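Trainee: I am new to this structure. Can we go through it step by step?

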Amino acid sequence: MTARPSTTVARPTSTPAWEWPVDLARYDRHGLLTEAEAEALQNLDIERLRRDGLAPDAVSLRPVARLARPLADALAALHWPADDRHQRRFARDAAGLVLIRCGELRRAFWGWSVQDWTDLINASGAEFRRSWRGQIGPNARPFVLVYAYLLCEFTAFERIGRFVRPTLAHRIFGADRVDDAVQQVCKVLADWGYRRHSDRLAPVICQMLLLNRSPLLEDLSTDALAALRGHPAMSGQWGKDLHGLHRAVAALGHADPPPSGHTSGPAAMEGVPAPWAEWVERWYATSTLTPKIRSSYRSVLAKIGRWLAAEHPDIAEPGQWTRQTCASWVAVVDRMTVGDFSQWTHGMRSQGRLGKPLTPQSKSGYLKVPRAFFRDLHEWEWIPRRFDPAHALRTPRSVRALMGPDPRVIADDIWAKLLWAGLNVEPGDLPTADGRTYPVELIRAITLTWLFAGQRSDEIARLRLGCIRWQHDGLPIPGDSGEVLARDAVCLLDVPTHKTGTAFTKPVDPLLGQAIEAWQAVRSAQPPMLDRKTNEYADFLFAHRARRVAKHYINTAIIPMLCRKAGVPTADVRGNITSHRARSTIASQLYNAKEPMTLFELQEWLGHRTPEATTHYAKLTPNTLARAYNDAGYFARNMRTIEVLVDRDAVTSGAAANGEPWQYFDLGHGWCTYTFFEQCQHRMACARCDFYTPKNSSKGQLLEAKENLQKMLSNIPLTDDERAAVDDGQAALDQLLERLTDVPTPAGPTPRQLVTPATASLLPIIEVRSGGHVP
């Protein structure tokens with residue numbers, strides 16, 4: 001009877017400096033028992049083994065010597081502490097349990113399956129105690145695991161519950177070797193910012209050594225670590241810790257750094273015609289787009305394949321597409337809902353998005369992907385050109401009208417509260433994940449970078465160590481001079497290669513530079529990490545414990561922390577407060593400042609390739625528009641204010657009711673007593689009719705000498721000709737005088753009939769807002 005192979009890790013291919021303590025090749029490892037062996041095992045019990053010992057030549061063990069000898073050799077190969085009397089007895093009891101189980105199964109332990117060993121070891125010490133009562137108790141259980149590990153390569157640790165990994169490693173490899181390996185790894189991790197005590201990491205390191213069957217770190221090669229990553233015993237939290245330990249082993253020079261991201265490749269496309277899937281995979285392997293973009297395109301092309309299988313089963317290859325096929329796909333996309341033709345919908349259902357209409361941006365993306373796909377196939381001459389993808393698959397105008405770059409500015413009052421919260425971050429405010437958090441200096445630096453730098457989240461996460469520089473009068477300031485920076489020192493931030501361009505330098509607020517320098521002062525040395533955008537290893541500024549801070553950390557942790565501290569919601573009328581909204585908010589405030597940046601200056605500061613992109617961010621605020629509207633003087637341009645004198649004596653005495661003048665409109669050079677002055681066509685070029693009283697006349701002087709006069713202001717709407725006379729000057733005034741030459745005055749005669757010619761002076765303009773008097 002053959003045993004099922006246990007879950008093991010391949011041994012290092014090179015000759016190890018440490019050899020396996022038990023030579024398994026010299027034993028008879030047949031799985032079936034002989035009749036004599038089976039009969040001897042039936043009569044075996046723990047008390048007899050305790051009395052006779054585990055020696056193969058003992059009377060009770062002679063018939064099963066081929067089973068007792070390996071157990072005795074394994075027992076002799078163990079490393080024991082100073083006081084080992086009781087432990088050796090428990091180890092002999094464990095050997096007896098193995099032999100007794102052989103009799104029950106009627107199989108030698110060489111032929112046991114992984115499940116057979118799991119049933120004997122049990123999932124916990126309590127279950128083991130219930131199975132083997134008496135003085136054996138749970139103390140023999142660890143030694144059953146020792147025999148399983150040494151003799152049968154049992155490593156299914158995930159099946160047997162809790163046990164002390166360092167103790168097992170000490171017994172197998174020796175305490176000195178194991179402790180030396182643990183200290184080397186923990187020292188590297190401590191230098192990277194991990195906690196300096198190794199209580200939590202020691203079990204993980206020991207499990208790695210046990211699974212690799214060697215106590216030497218040099219045996220943890222790249223291939224061995226890759227095998228560990230796929231081992232079931234390293235799942236869950238064990239696997240999370242493995243990434244940092246892999247980095248430490250690589251830093252010690254024993255392996256390559258761990259791969260970044262998912263390396264298992266994209267999932268197989270289900271429900272897609274085989275020919276279509278083959279074309280998609282061929283395009284996927286040839287395209288030069290970034291891996292992330294290629295994966296997103298591949299998922300959309302898989303949706304198209306499922307649509308073809310459902311509605312066009314006769315079309316299975318790109319070469320069969322026509323303009324009619326393209327029109328059908330455009331129509332389907334325009335009416336598509338979330339989840340249609342998707343391979344998995346569980347996440348959409350849990351988020352409540354399943355069945356909702358697609359956004360205009362999603363519709364545009366579902367059409368952009370096949371455009372790029374067919375364009376590449378045509379350019380690579382893989383299929384004949386039967387249609388133009390740019391026209392046949394273009395986004396409908398009705399969809400394009402709902403799209404467009406729309407950076408969403410955060411309201412000034414909310415942004416001011418977020419700024420206050422960011423400037424006052426305290427240790428108690430720090431966001432935590434799994435009970436762990438970043439140092440407060442890192443949190444403050446990344447928070448102020450988001451609040452002041454105006455950069456994309458990816459650019460913030462990829463900032464390099466030493467990205468802050470100081471200058472004064474165009475000259476650099478030595479960073480280690482120890483001098484206090486001048487108040488007018490300029491802080492420069494070096495931005496790495498980004499979405500639309502190469503690296504560049506921009507000025508930022510000194511507060512940001514000081515926060516970054518405070519983090520750099522306490523930052524632990526980190527190993528270089530791969531920048532997937534540039535494919536080069538770099539020292540990232542925001543890195544801790546050999547991991548770079550993720551670009552989505554601002555959205556998931558920093559912004560909720562600031563909103564909670566500032567007492568503002570995480571969303572407003574324009575949507576969730578996200579990392580990119582800070583970029584548009586800062587750009588709009590710089591564009592609307594009292595002394596604003598020009599569009600081209602703002603373009604350089606944001607790092608845009610073209611001014612058109614900057615115009616989407618440089619939005620005029622309502623306050624700026626209101627100020628510009630007032631400065632334009634729309635109301636003042638159409639209305640003018642004139643001073644009016646009201647003779648209160650004439651009103652109270654009743655003279656006004658008898659037709660005597662009682663109100664006098666100030667023309668600058670005289671007074672007009674015409675009651676309906678605003679209707680007079682000669683008001684801006686007075687013809688000096690009977691209603692006119694010169695100021696230098698005796699009547700005018702007597703009027704100004706009266707005591708019971710009340711001064712008032714009256715708004716006079718201007719006609720087009722009058723407005724032109726005010727705006728354009730003498731030429732327009734001459735045209736107005738010429739047009740009014742034969743127009744009757746309120747008194748009856750025209751200016752031509754009057755002996756005194758029309759006065760070529762404008763109606764006095766009183767600017768209500770400034771109080772000025774313009775003749």
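Trainee: How many cavities of 30 Å³ or more does the structure hold?

Mentor: Keep in mind that this is a predicted model. A cavity is a space where a 1.4 Å probe fits but cannot get out. With a cut-off of 30 Å³ or more, the number of cavities is 3.

Trainee: Which residues lie nearest the centre of the largest cavity?

Mentor: The largest cavity holds about 80 Å³ of space. Its lining divides into 10 nonpolar, 2 polar and 2 charged residues. Of the 14 lining residues, those nearest the centre are C672, C680, H682, C686 and C689.

Trainee: Which helix gives the largest share of the lining of the second largest pocket?

Mentor: The second largest pocket has about 730 Å³ of space. Helix 14 (291-311) and helix 17 (360-379) each supply at least two residues of its lining. The largest share is 7 residues, and it comes from helix 17.

Trainee: Which residues lie nearest the centre of that second largest pocket?

Mentor: By class, the lining has 9 nonpolar, 11 polar and 5 charged residues. The lining counts 25 residues, and nearest the centre of the pocket lie I293, Q361, K368, K499 and H580.

Trainee: Is helix 3 roughly parallel or roughly perpendicular to helix 7?

Mentor: Two packed helices are described by the angle between their axes and the distance between the axes. Helix 3 (residues 65-77) and helix 7 (residues 141-152) have axes 10 Å apart, at an angle of about 105 degrees. Angles of 65 to 115 degrees count as roughly perpendicular. So helix 3 lies to helix 7 roughly perpendicular.

Trainee: What classes of residue make the contact of helix 3 with helix 7?

Mentor: From helix 3 come P70, L71, A74 and L75, which meet Y147, L150 and L151 of helix 7. No polar and no charged residues take part, and the contact has 7 that are nonpolar.

Trainee: How many residues apart in sequence are the parts that R26 and D73 tie together?

Mentor: Side chains of opposite charge can pair when their charged atoms come close. R26 and D73 form a salt bridge, with the closest N and O atoms 2.8 Å apart. R26 lies in the segment before helix 1 (35-42) and D73 in helix 3, so the pair ties together parts separated in sequence by 47 residues.

Trainee: What does the count of salt bridges come to?

Mentor: The pair of R26 and D73 forms a salt bridge. By the rule of a Lys or Arg side-chain nitrogen within 4 Å of an Asp or Glu carboxyl oxygen, the count of salt bridges is 17.

Terms used
Residues are numbered from 1 along each chain as its sequence is written. This is a predicted model: local features need pLDDT of at least 70, side-chain atom pairs count only at pLDDT 80 or more; totals for chains, interfaces and linings use all residues. Side-chain values use heavy atoms; hydrogens and water are left out. On a 1 Å grid over the protein atoms alone, a cavity is a set of points where a 1.4 Å probe fits but cannot get out, and a pocket is an open set with protein on both sides within 12 Å along at least five of seven lines; lining residues have an atom within 4 Å of a point. Grid points are joined across faces, edges and corners, and a volume is the space filled by probe spheres set on the points. Helices (H or I, at least four residues) and strands (E, at least two) are DSSP runs, numbered from the N terminus. Ala, Val, Leu, Ile, Met, Phe, Trp, Tyr, Cys and Pro count as nonpolar, Asp, Glu, Lys and Arg as charged, and the others, Gly among them, as polar. Axes are lines fitted to C-alpha atoms, for helices over the stretch in contact, and angles run from 0 to 180 degrees between N-to-C directions. Angles under 35 degrees count as roughly parallel, over 145 as roughly antiparallel, 65 to 115 as roughly perpendicular and the rest as oblique. Contact means heavy atoms within 4.5 Å.
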